[in-house]
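Dear colleague,

I am handing over the structure we discussed, and my notes on it follow below. Please read them with the coordinates open beside you.

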Amino acid sequence: MFIINVILCTLVVHNVGGDTFPESFAFGVSSAAYVTEGAWDAEGKGASIWDEFTKINENIKGGGDGKKAADGYNKIKEDVQRLKALGVSHYKFSLSWPRLLPDGTKSSVNEAGFRHYDILIDELLAKNITPFVSLYHWDLPQALQDQGGWANSSSVTWFKDYANLCFQRFGNRVKLWTTIEDPLSITYKGYETGEHAPGLKQPGLVYTVGHHLLLAHVEVYLLYKTSFKAAQNGQVGLSVRFDWFYPDTTSVDGDEAAMRSIAFRIGWFLDPLYHGDYPSLMKEKVALKRTALGFPDQKLPQFTPEEKVKIVGANDFIGVIHFKSRIVSHQYNNSTVPGYYNDQDVVLSINTTLPKLEYRPELNPQSSRRLDREGLTEVLMYLKSFYNTPAIYVTQNGLATCGTLKDQHRIEYIREYTTSLLDAIRYGSDVRGYFLWSLLDGFDWDKGYASKTGLYYVNFDRDDRPRYPRSSVEFYRSLISNRGLTEDLKSYRAYPSDRDEFYYGKFPDHFQWGVATAAYQIEGAWNEDGKGPSIWDTFAHNGKLANGQTGDVACDSYHLYKVDVQMLGDLGVNIYRFSIAWSRVMPDGTVRSLNQKGVDYYNNLIDALLAKNITPMITLYHWDLPQALEDRGGWRSDSIVSWFEDYARVCFEQFGDRVKHWITFNEAFVISWLGYGIGVFAPGVYDPGAGVYKAAHNIIRSHSRAYHMYKSNFKGKYGGSVGITLDIEWKEPLTDSVDDSLAADRAIQFKLGWFGNAIFGGSGDYPEVMKQYVAEKSRRQGFNSSRLPEFTQEEKSLNKGAYDFLGMNHYTSTLVSNQPRPDSQPSYEQDQDINTMADPCWPSTSADWLKVNPWGIRYILRWAKQHFNNPPIYITESGRPSVEGLDDPDRIYYYKYYINEMLKAIRLDNVDVRGYTAWSLMDNLEWTSGYSPRFGLYHVDFTSPNRTRIPRKSALFFSQLIRENGFTRS
């Protein structure tokens with residue numbers, strides 16, 4: 001170790017290099033057959049050991065197999081085109097042995113398999129991309145495994161016969177070959193731990209298998225040298241995994257332990273090729289440990305004198321596979337079970353001082369993904385010093401992530417490791433190429449589809465396996481084009497540097513903190529004291545909710561409102577958002593049916609809140625239309641504008657002297673699309689092309705009428721404010737393309753802008769892009785006019801500026817891509833020409849629609865500021881479901897980071913956010929999902945007749961946050 005450091009220090013002094021790679025330097029990407037090809041049994045292919053291994057679901061993280069993988073077998077031309085656009089000079093891929101020889105032997109040649117690789121190689125050459133082929137990347141034919149696999153000495157002959165056919169068929173066009181990829185993983189994970197195929201747990205086979213792999217490489221190298229090299233002029237090397245090992249400076253024997261680790265990994269497969277035998281240190285250590293355990297026959301195999309002569313120099317270059325480094329310390333392993341690590345007497349650990357390469361580092365504080373570019377330089381200089389400056393290709397180097405498309409950490413990884421390559425070249429290492437692992441996401445061996453390594457994201461949820469470029473594509477393309485890092489590339493980012501940074505600071509002094517609920521979800525008493533049925537009573541009684549549940553009792557807040565108010569006082573909130581049940585106040589929806597007992601209930605609730613110094617914020621309509629009005633057409637009837645105005649007037653008259661914050665509608669989108677578009681919510685109307693727009697149109701008209709009625713008749717007397725609550729996710733472009741950027745903005749306009757543009761946008765009308773798209777779709781579908789209704793000039797005037805504040809419900813984010821649908825059916829959803837999905841790195845919840853993405857709330861607040869002239873905003877709902885019980889760290893995380901992003905929007909972006917009401921005060925009926933999703937700060941026991949409420953840990957967190965009014969470092 002000290003020798004290496006001295007070499008490095010000396011070379012730094014004499015550095016005469018630059019910041020660019022040599023013109024002859026090969027830039028490429030790499031892949032493997034089983035990882036990407038799929039077509040596992042197509043056109044005569046035989047089964048591989050991985051086909052067999054993946055039959056046992058537990059062998060793979062998250063289950064799954066490579067039967068389809070990225071479907072690379074059927075996507076040659078489009079993937080080669082991606083390589084061309086990337087600008088690579090080389091492409092490293094592996095041949096599938098069982099695709100070429102189904103039973104593994106030369107007696108079973110599959111011509112279709114050979115044609116497949118002919119097509120791939122020719123396509124590459126046509127694009128001026130040099131093929132770099134690996135003969136074996138772990139997918140041994142199962143038929144050979146049935147005969148012992150690599151533990152059988154005949155495997156050397158099997159491999160030689162297979163290679164001979166490959167050289168004959170492809171050698172006239174392929175000039176760079178590796179025989180075997182990562183023999184260490186094949187031996188240790190395949191034959192000792194069973195983590196990889198063939199899944200054996202026989203530590204006594206490890207060194208035998210390694211020996212056969214090495215002999216197989218030598219035989220194939222000599223075959224090529226004697227039979228093909230003169231005519232084909234290619235080169236053959238071995239790709240070996242090289243982690244780097246730093247000695248633990250706190251360990252007395254750290255240096256010796258590090259040298260043992262190097263010997264057992266690098267030396268095991270390279271010392272024979274360059275020095276004629278296994279490392280003495282390794283031979284002695286294995287013999288000592290195995291003999292002591294009573295297994296003297298498990299020592300490292302010996303080379304015969306003839307083999308030693310053949311093996312030295314049987315390599316044209318070293319393929320370096322490097323992903324990480326480790327700290328190593330000495331620790332005697334007293335296990336009585338023999339094993340590869342037992343033999344070494346070392347303990348490996350992570351250098352936790354290095355930067356973490358995690359999407360949200362705070363969620364994985366002990367992450368092993370660390371950025372250590374110096375480790376690769378150390379590996380390359382070790383090879384230079386101990387193996388006489390061999391030719392080197394870095395054949396695999398890359399980062400496995402959870403899969404986000406804005407892959408900043410992969411960019412950092414590439415930037416740092418290519419810098420380390422330049423360092424090594426300046427220090428005299430003969431590095432000739434760099435191959436990023438990998439081009440595409442694929443089936444990442446035992447990690448399955450949970451691990452994403454590609455420059456291109458592959459959507460495995462779709463049968464056509466579409467590919468989308470990550471941000472690292474443009475970075476790597478620019479690096480290749482410039483043959484190094486320009487000043488711009490040194491600071492290149494996929495997203496702003498402060499996006500995920502935690503911000504310490506306080507909210508404005510008069511910021512309002514609260515929680516939210518809704519009448520149908522908590523009140524119960526569905527038919528008590530004169531209340532009329534609502535559309536949700538009808539919907540639930542018709543069995544439309546999960547498990548046949550209803551809101552007949554719910555949290556029983558009609559009878560327990562005093563308990564609720566006490567809970568609010570304990571939390572320390574200064575605002576409480578709740579809704580009025582229209583059919584409790586006016587059972588048939590009209591003024592003539594005014595129900596005094598319903599009015600009394602809300603008066604009592606309001607008075608109890610005020611007695612606790614809690615400000616009521618009332619939602620007039622939270623989805624529970626009186627059934628009597630739905631029977632007369634509901635939100636599709638123009639008459640509802642007057643019905644709602646009458647209802648609003650009654651509420652203003654009855655409660656306006658004490659209520660200063662009014663919300664006309666909650667989530668107008670949900671009412672329109674889920675209720676009158678696709679019919680999955682009450683009232684269950686399916687009319688996705690027209691009814692959805694009609695309902696929305698009447699909601700906007702109703703809001704504007706109610707707003708102006710309050711302004712004209714009550715504002716001067718009571719001084720209150722009226723707004724509307726709209727629900728919106730942040731819509732992030734799937735890729736960095738202009739089309740996706742426009743699609744994401746279009747998606748926001750079709751949802752938030754659908755209702756918000758007329759009210760907040762200054763025109764009094766729908767967004768222009770929405771009008772254009774729906775009109776064009778309608779024309780194509782044969783309609784005489786747009787399915788999107790038009791406002792009169794008078795209505796536009798009423799709509800424009802009809803607000804005192806914007807209520808915004810925000811839970812999650814989505815990724816949006818452009819998806820033209822010229823022949824779509826009449827449907828609000830298809831009118832937008834978009835596709836949506838979730839980022840694979842966003843944590844999931846028990847609600848499939850809700851993924852956790854904190855920075856989305858800041859981005860949508862900023863959008864609203866920019867497009868709606870910075871209106872006063874209240875976050876009127878935000879939260880996530882959690883598991884049953886009182887310990888809910890996932891909810892605490894959600895509130896902590898979402899609210900922090902809201903604080904950033906206020907302090908850094910100057911968004912006028914006035915308050916935050918968390919969803920929800922307590923567990924409740926979550927509409928069609930029933931009582932299973934638990935959104936409450938308070939747990940509710942729905943099996944108890946008392947509907948017992950108990951605070952969760954998140955309630956304590958939220959209460960403390962309110963008291964501190966922000967985040968302090970202490």
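The second largest pocket of this predicted model has a volume of about 1,000 Å³. Its lining consists of 38 residues, and those closest to the centre of the pocket are Lys189, Arg241, Phe323, Lys324 and Lys447. Helix α9, which spans residues 183-191, gives the most to this lining, with four residues. Sorted by class, the lining of the second largest pocket holds 14 nonpolar, ten polar and 14 charged residues.

Arg241 has Ile321 of strand β7 as its bridge partner, and β5 and β7 (residues 317-321) run parallel, joined by five bridges. Strand β4, residues 176-181, is also parallel to β5 and is joined to it by four bridges, with Trp177 standing opposite Val236 of β5. Six of the seven residues of β5 (residues 235-241) are buried, so this strand is largely enclosed by the rest of the structure.

The largest pocket contains about 1,400 Å³ of space. It is lined by 47 residues, of which Phe669, Leu674, Glu729, Lys751 and Trp849 are the closest to its centre. At least two residues of this lining come from each of α26 (668-676), α29 (738-760), β22 (813-818) and β23. In terms of class, the lining of the largest pocket has 21 nonpolar, 15 polar and eleven charged residues.

Fourteen residues line it, and Glu358, Tyr359, Thr401, Thr404 and His409 are the closest to its centre. By class, the lining of the second largest cavity comprises five nonpolar, four polar and five charged residues.

The next item is the cysteines. How many disulfides does the count come to? The count is one disulfide, and it joins Cys402 to Cys841, with an S to S distance of 1.9 Å. Cys402 lies in the loop between β10 (391-397) and α16 (408-426), while Cys841 lies in the loop between β23 (834-837) and α32 (855-867), so the pair ties together parts that are 439 residues apart in sequence. The torsion about the S-S bond of Cys402 and Cys841 is about 105°, so the disulfide is right-handed. As for accessibility, Cys402 is partly exposed, with a relative accessible area of 26%, whereas Cys841 counts as buried at 9%.

Strand β15 (residues 512-516) is mostly covered, with five of its five residues buried. Gln512, Gly514 and Ala516 point one way from the strand, Trp513 and Val515 point the other way, and all are buried. β15 pairs in the parallel sense with strand β25 (residues 913-919) over five bridges, and the bridge partner of Trp513 in β25 is Tyr916. Three bridges join β15 to strand β16 (residues 575-579), and these two strands also run parallel; in this pairing Ala516 stands opposite Arg577 of β16.

Finally, there is one serine to point out. Is Ser261, at 0% relative accessibility, buried or exposed? Ser261 belongs to helix α12, residues 254-275, and it counts as buried, because its relative accessibility of 0% falls under the 20% cut-off. Leaving aside residues up to four places away in sequence, Ser261 touches Phe245, Val328, Gln344, Val346 and Leu348.

With best regards

Methods. Residues are numbered from 1 along each chain as its sequence is written. This is a predicted model: local features need pLDDT of at least 70, side-chain atom pairs count only at pLDDT 80 or more; totals for chains, interfaces and linings use all residues. Side-chain values use heavy atoms; hydrogens and water are left out. Buried means under 20% relative accessible area, exposed over 50%, partly exposed in between (1.4 Å probe, protein chains only). Two strands pair if DSSP finds at least two bridges between them. A disulfide is a pair of cysteine sulfur atoms within 2.5 Å. On a 1 Å grid over the protein atoms alone, a cavity is a set of points where a 1.4 Å probe fits but cannot get out, and a pocket is an open set with protein on both sides within 12 Å along at least five of seven lines; lining residues have an atom within 4 Å of a point. Ala, Val, Leu, Ile, Met, Phe, Trp, Tyr, Cys and Pro count as nonpolar, Asp, Glu, Lys and Arg as charged, and the others, Gly among them, as polar. Contact means heavy atoms within 4.5 Å. Grid points are joined across faces, edges and corners, and a volume is the space filled by probe spheres set on the points.
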